[in-house]
Amino acid sequence: MESGEGDQGGLLCILKDAEGIALGNHMFLPQSVTPQQLQHIVNQLLNNHEKLPYSFIYRTWNLLDLSLIIWNQTKALIIVYQPQAIFRVRPIYRCSSTITGHQDAVVSVAFSPDGQQLASGSGDTTVRLWDLNTQTPLYICKGHTSHVLCVSWSPDGKHLVSGGKSGEILSWDPLTGKQLGSTIKGHKSWVNAIAWEPVHITAPCRRFVSVSKDGVARIWDIVLRKPLLSLSGHTDSVTCVKWSGDGVIYTGSVDRTIKVWETSEGKLIRELKGHGHRINSISLSTDFILHTGAFDHTGKQYSSAEEMKKVALERYNKMKGNKPELLVSGSDDRTMFLWEPFVSKQPKTRITGHQQVINQVCFSPDGQWIATASYDKSVKIWNGITGNFVATLRGHVGKVYQISWSADSRFLLSCSADTTLKVWDLRTRKLKQDLPGHADEVYAIDWSSVGEKVASGGKDKTLKLWMG
């Protein structure tokens, strides 16, 4: 780095938030200043009554010690401060249980929003619900006629729906494992993904959207068990979907476009173009809050839908702040685009770096980072505000299929065709733990919202639970 030191026995610094807005004036800080002292300064400048934890970043590295920096004092050292989760997740170190039962590959796993239940979907046509206390199968849910490709929990935790390769959607009671009502039919080909209307918009949850290889997105009412709206406009398979906190639906497609839909009449309100090949994945900066709704690490349960809606809205507004929701998309064209869909139909930035297909993109729970999983055997980290490159995480020797963040945004989990899971430390940008154990490719992972457990499933037909 550059050399030089301030005339006043310290380093000339300026504190800025992730969007580059300065906090206070320039200041001289001693090189012996600690992150704890910086946290005290930020809390004072922000007039925080409750002292909140912050992390500090210089360039793209977490700042642990100013003495490591030798700076040219012709300009101020810019230190970026970012809020941290108040609770801390322990990294995952060991496999606590290997659960057999599925007769074919496990292709989807999902913890409930409160982190207390787990569902898996398999090529054996079943959905299974698991007892996380005894780590044994709780219910085997039968009804699909072909592979179960996706499972999705409503944000209030009351409903579980699954989509199959035959185009059908089934609804399950998480408490009994029984199918609720008849099979929901409408799609002409397999169901690729499902997303629910956020609980801070409607409680109890009723509406969800499914997207299919048939090129159509459909909005359903879980109570009426019938389609409400058909969103037609894509010219090829719809691969991914998000229902945003602002109430609109985003759909990504093999036709290389992202379409934005309003949900009262199903009208197309915007089209986002730029990708040169199929879109595989999209993620919103508010994804974690939209998935967990009113639930957090405290384990609090709610007696009424109104209370749940109120708390969920408070959590959403606190996370989003005054900024618009951001959307990131990943494609077979090896690029990502970062969008501000309510600001412009043009991308905020185009992001390059991967050498092969990008299979998944995922915002961190705090919205500060974007992680990407690629067939080039790497995971990459990007700044969630600017899209700037941060780090490449290397260690997998096969295609990387999925990624999942810890609830406090400090760790990232990845799974691969190389049969392993890997835990990465965002602070050091290095491998924290290698998790071998599967006998074949690992297709699906999820990290519980309360941070205690990870689930993985793959080609070896087993479901594994991992703990810290």
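**Entry 1: terms and source.** I define a cavity, on a 1 Å grid over the protein atoms alone, as a set of points where a 1.4 Å probe fits but cannot get out. A volume is the space filled by probe spheres set on the points, with grid points joined across faces, edges and corners. I note that this is a predicted model, in which local features need pLDDT of at least 70, side-chain atom pairs count only at pLDDT 80 or more, and totals for chains, interfaces and linings use all residues. Residues are numbered from 1 along each chain as its sequence is written, and side-chain values use heavy atoms, with hydrogens and water left out.

**Entry 2: the cavity.** I looked up cavities of 30 Å³ or more and found a count of 1. The largest cavity has a volume of about 30 Å³. Its lining residues (those with an atom within 4 Å of a point) are Pro 198, Val 199, His 200, Ile 289, Leu 290, Gly 293 and Ala 312. I sorted this lining by class, with Ala, Val, Leu, Ile, Met, Phe, Trp, Tyr, Cys and Pro as nonpolar, Asp, Glu, Lys and Arg as charged, and the others, Gly among them, as polar.

Entry 3: A pocket is an open set with protein on both sides within 12 Å along at least five of seven lines. I read about 1,500 Å³ of space for the second largest pocket. Of its 47 lining residues, Pro 83, Lys 318, Met 319, Lys 320 and Asp 366 lie nearest the centre. The classes are 21 nonpolar, 13 polar and 13 charged. Helices (H or I, at least four residues) and strands (E, at least two) are DSSP runs, numbered from the N terminus. Strand 5 (77–83), helix 2 (287–292) and helix 3 (305–320) each supply at least two lining residues, and helix 3 gives the largest share, 6 residues. Domain 1 (11–83) and domain 2 (94–467) each contribute at least three residues to this lining; the bounds come from an automatic or database domain assignment.

Entry 4: I recorded an open sheet of 3 strands in the order 11-12-13, with antiparallel pairing; two strands pair if DSSP finds at least two bridges between them. Its edge strands, strand 11 (148–153) and strand 13 (169–172), each pair on one side only. Strand 11 and strand 12 (residues 160–164) are joined in the antiparallel sense by 5 bridges. I also noted that Ser 152 has Val 161, in strand 12, as its bridge partner.
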